[in-house]
Amino acid sequence: MPAVPQDGYDLVVVANRLPVDVSLDEKGKPTWTRSPGGLVTALAPVMAQADGAWVGWGGAPDLELEPFEVDGTQLVPVTLSDADIELYYEGFSNDTLWPLYHDVIAPPAFHRQWWDAYRRVNQRFAEAAAAQAAQGATVWVHDYQLQLVPQLLRALRPDLRIGYFHHIPFPPLEIFAQLPWRKAVVEGLLGADLIGFQRGGDAANFVRVVRRLTDLTTRGQVITLNDAHGRVTRHVRAAAFPISIDSRAFDELARTDEVQLRAKEIRRELGDPKTLLLGVDRLDYTKGIRHRIKAYGELLEDGRLSPSDTTLVQVASPSRENVGAYAQLRDEVELLVGRINGDYGQVGHAPVQYLHQSFPMEEMAALYLAADVMLVTALRDGMNLVAKEYVAARSDDRGALVLSEFTGAADELTGAILVNPHDIDGMKDAITYAAHLDPREARKRMRRLRRRVLGHDVNAWSQEFLAVLTAVPQRSTHV
Ligand code: G6P
């Protein structure tokens, strides 16, 4: 059993990534930049308020760094070698679990070497967290890359309260059961006291998996664990905690003069189109980017949207480029964009503005403000924070959100125009409807959307999760 650190932290976050990307300057000193991504955005305000530590990977291979402080948070880098990145991150996390948990949209690959690396790296994260947490501290583990950490950490430090939040969908038993290491993953998660999911449906899928793959008893959201003699040792709760964004901060950012002016400038630079459609995604096959562009292309072909006064801006930020399915998707999307622009473009006007880049928050806010119609057409998505950002940016109560039913956000954002992205005709109708939405109807919908997004922000999310976790009775060290 490792020693409990003398000056440990009362709140320790464990996530695959640190909230910054680290690189070394010529003198070997770490320099960092805030990294993009939903999880980072979600937790930044939580960590700013707490005296906490964040255990994670710095984003580059073989970084051997001592812990360092940023904005009052202790950052604790976990080293990943080239092989760890290939086998644990690109392999098991993003080529096995990611497609498996997203409705097998792409086929998951099962390799024993990847699994071995996943176990090894999860152990390393658990040890790093154990070395930071004070006696009786709360440790909050995040996401599918680290599903074994709760159990591994509990074995090292039975005094801790352990929470786990799953940011992506949890699949139905029939899909999860394909995983050769399904039992070990379930046992890994059950090391937590509280397991949070985005939707009630995800939590229900997990509880059903527990019932079918273990001998444990479940009652509603509560799973009961026993020792070898059948005596109850503890309870695990599995429940929904839909994540959100820092809605106020985003709303305020979008109200600044700079962003307002930039939004107008964007429209001007695009030739003042009558209708500006917008898609903003990591370039990921779960996001339904091809389906969306196909529907748009057909609307131009049918003449229901005019190529001369319509523009689709598609921001597709580079992601996981070493994973084959992502490289293939990039080719497919770029072929499709090229075809549409070739067929319907004019000198000085391309109906699709495709940007394979990442942009700062200010530019994103300006794009949201400039867009008449926001297209979020994911085939499967745990939550989708882009949808919430769009709403938070629209203090003018204008704009329309076309939202896939298969996002976690669809459970909450009932003012959106909901679509099934597999139904191209249905999506074409929804886009046309959104593009011609009566301003009164648009205002009504946007007000409803904003009530939800501004009324339930990321702070409420983390407070709710931590309140339930903190209510778990504290145990002695010698259980
Ligand atoms: C999703 C996952 C996060 C992940 C992010 C970016 O939002 O839920 O855990 O960090 O995508 O992906 P990446 O592979 O670049 O970390």
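Let's start inside helix α7, where Asp202, Ala203, Asn205, Phe206, Val207, Val209 and Val210 are buried (20 or more other C-beta atoms lie within 10 Å of a buried residue's own, with C-beta atoms placed from the backbone). Their cover includes α5 (173-176), α6 (182-189), β9 (194-197), β10 (217-219), β11 (222-226) and β12 (232-240). Helix α7 itself covers residues 200-213, and its end C-alpha atoms are 20 Å apart, which agrees with the 20 Å that its 14 residues should span at 1.5 Å a residue (the expected span is 1.5 Å times one less than the number of residues).

A quick note on what you're looking at: this is a predicted model, where local features need pLDDT of at least 70, side-chain atom pairs count only at pLDDT 80 or more, and totals for chains, interfaces and linings use all residues. Residues are numbered from 1 along each chain as its sequence is written.

Now look at helix α2 (residues 82-101) and helix α3 (residues 112-130), whose axes come within 8 Å and cross at roughly 105°. That makes α2 and α3 roughly perpendicular to each other (the label covers 65 to 115 degrees). On the α2 side, the contact (C-beta atoms within 7 Å) involves Asp84, Leu87, Tyr88, Gly91, Phe92 and Thr96. From α3 come Gln113, Trp114, Trp115, Ala117, Tyr118 and Val121.

Stepping back, the protein has 17 helices and 18 strands (DSSP runs of H or I with at least four residues, and of E with at least two). Its C-alpha atoms fill a box of roughly 70 × 55 × 40 Å along the principal axes. Of the 479 residues, 48% are buried.

Conventions: Buried ≥ 20, exposed ≤ 12 C-beta atoms within 10 Å, placed from the backbone. Contact = placed C-beta atoms within 7 Å. Axes fitted to C-alpha atoms, helices over the stretch in contact; angles between N-to-C directions. Parallel < 35°, antiparallel > 145°, perpendicular 65-115°, else oblique.
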